[in-house]
Amino acid sequence: MKFFDIDSLHEIWATITRNRFRSVATGFGVFWGLFMLIVLLAIGNKITQSILAQVDGFATNAVFFFTDRTSEPYEGYRKGRWWAFNNSDIDLLQRRAQTIDIISPALMGNSSDKNVVNGMKSGSWRFIGIFPNFYEINTVNQDSGRLLNDVDISERRKVCVIGNVVAETLFSPGENPIGRFIRINGIYFQVVGVISPHSNASIFGPVDEMIHLPFSTHQMLFERGENFYFMGCTAKPGISADEVEEEFKTIIKAAHKIAPSDTKAIGSVNIEHQFKIFNMLFTGLSVLMWLVGLGALLSGIIGISNIMLVTVRERMREIGVRRALGAKPWNIIIQIMSESFVLTGIAGLAGLMCGIGVSVVIQNINISGDGPGNPIGFHPEPVVSFNLAMVALLVLVMSGIVAGLLPAWRALKIKAIDAIRDE
Amino acid sequence: MIKIRDLNKTYNLGQPNALHVLKGIDMDVAAGEFLSIMGASGSGKSTLLNVIGILDNYDSGEYILDGIPVRDLSETSSAELRNRKVGFIFQSFNLISYKNALENVALPLYYNGIPRKKRNELAAEYLEKLGLKDHALHLPSELSGGQKQRVAIARALISRPSIILADEPTGALDTTTSREVIEIMREVNRSEGITMLIVTHEGAVARATDRMIYLRDGRIESDKHNPNPVIEF
């Protein structure tokens, strides 16, 4: 059985163009439906990307811990005690913790007015002492030079990695900061690298306006002793951040004589939780977009189905004549179905194209207003992925079939004798 | 060619408003006959035509068309049988408005699965036979009543059916055109040897045929040979 030959195409085209306005108005329903579906999905995709861009660069299984006052008395200590992490805690965690993959302490330096100086140029920036593996928790873009490394830590080198804003302020354009010495709070450090933020997300504030020092150097040169107040960890593969949080707290509480039931003494920020919330948000957003888009499409399909029913009624006599001339039920079904199919297909493809066109525009809108360029440097997804296009096409084909079913069934009910009766 | 024995047809069978339309029709038609069925409206002539044309079924009796018993056929096989054995001519022509004359004539062959080129050649040939060569690409709306009926005749002829059934073929035509159409049907009957059965309530049309069957109240009242067919319009 031939589905499409020149004759059936000619017939389909003739019936569609016979009532142009009606066909266009009907087709518009499907056009709009598919257009909305694609555009909504593109908007959803854009929102998702924009939010993800904010948190991109964080290890999704990271947990940050900070010290706070105790809230319960324990082993002779009063409640409300100030305490701090110390260097032995790092060794302790590395030896005992089963769930923790990497650990980096972070020690904030004090910023004061014009605390960072290079010759005549100066500025006020904060600086932190970290382990090199801090960059695995919070990714940064390495613009030039290198990041901190383990030798910097073990040899307590007087080196620093500066944010790009710091570099631009302290050095003239064309001047290479690498290898140069800058003064931080009165002490000279050699610049070994310039970094820029990988995303807007950062735990201590903007990376581009910050200076990173080796943790050990920081403790020694600024006479901070062994104390610090902040640690970041990631979970081992397959282990949830919740488990890391629990184990970390158990070990540290025991080491610092903090009541196991004390919930306030160790503060924590669980990035995995944030990601889960985002993921739920994205899923909800995507479900909503699909619902609205498919709803619009459905009303378009119903429109086509409805108008096809009218057409079938108007063409009762024609269909009756065809039956009398030897058209089999199958021929009639194919004819009506392919009419609705072509109408749906043309309108739907137009909607798909326009939808993709508008999506491209949406994709290029810079919602986050990051300023010139794309400092975030995330890789934009294709506007409409291959999968989505396939799904949309499938939805379209299904729509055409669904729209034609009822009219075809109605056409089948037409008996030749009723249709061609001359009374 | 056609053999009908004790054919009965009742509408709304088994219901209070049942209507016994055909009450035991017996009828034989030989191949190549040119005959008419007459009767007042409600006499059952249209129902009989529908049964013969396999457009409607019947309740009891026997109907054999060209050696094939027509009984309880599926929609598909009755459509096939109709396509091959029966041609129709209607009072209101029933041409498809958005197809030109050639495409209208070729339509039965389309449903018979004949390739496009072949059926268009045949359609052109039949249109030429009926003097419509120059109107092949005209739409029905651009043709006169007589031309439309000639297109319809060509459409009925093209699948070379065993029988052509004409339901009031002159009903919508003026006398001059009616005469022309009846002459063509006569000519086609003679030259192609196709059995031609005309259902009409007009005596003048019936008198142009070789055999006149009168139906009254679902029964055959008379079945007369017409030795001197005349076309008197």
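In this predicted model, the backbone oxygen of A:Leu325 lies 2.8 Å from a polar atom of the side chain of B:Asn83, where a polar contact is a pair of N or O atoms within 3.5 Å and, within protein, one atom must be able to donate a hydrogen and the other to accept it, residues adjacent in sequence counting only if both atoms are side-chain atoms. Local features need pLDDT of at least 70 and side-chain atom pairs count only at pLDDT 80 or more, whereas totals for chains, interfaces and linings use all residues, and side-chain values use heavy atoms, with hydrogens and water left out. Residues are numbered from 1 along each chain as its sequence is written, and chains are lettered from A and ligands numbered from 1 in the order in which they are written.

B:Asn83 is found in helix 2 of chain B, helices (H or I, at least four residues) and strands (E, at least two) being DSSP runs numbered from the N terminus. With a relative accessible area of 3%, B:Asn83 is buried, a term that denotes under 20% relative accessible area, as against over 50% for exposed and values in between for partly exposed (1.4 Å probe, protein chains only). Setting aside residues up to four places away in sequence, B:Asn83 touches A:Leu325 and A:Gly326 as well as B:Pro108, B:Tyr111, B:Asn112 and B:Ser159, contact meaning heavy atoms within 4.5 Å. Buried residues of helix 2 of chain B also include B:Ser78, B:Ala79, B:Leu81, B:Arg82 and B:Lys85, and what covers the buried residues of this helix includes helix 10 (316–324) of chain A and, among the elements of chain B, helix 3 (101–111) and strand 4 (60–65).

Strand 4 of chain B is joined by five bridges to strand 1 of chain B, the two running antiparallel, and B:Leu65 in strand 4 is the bridge partner of B:Ile2. Strand 1 (residues 2–11) also pairs with strand 2 (residues 19–29) of chain B in the antiparallel sense, over eight bridges, with B:Leu19 in strand 2 as the bridge partner of B:Tyr11; pairing requires that DSSP find at least two bridges between two strands.

Within chain A, A:Met337 lies in helix 11 (residues 329–364) and counts as buried at 18% relative accessibility. Not counting residues up to four places away in sequence, A:Met337 touches A:Ile401, A:Gly404, A:Leu405 and A:Ala408, while A:Met337 and A:Ala403, 66 residues apart in sequence, are 8.0 Å apart in space, C-alpha to C-alpha.
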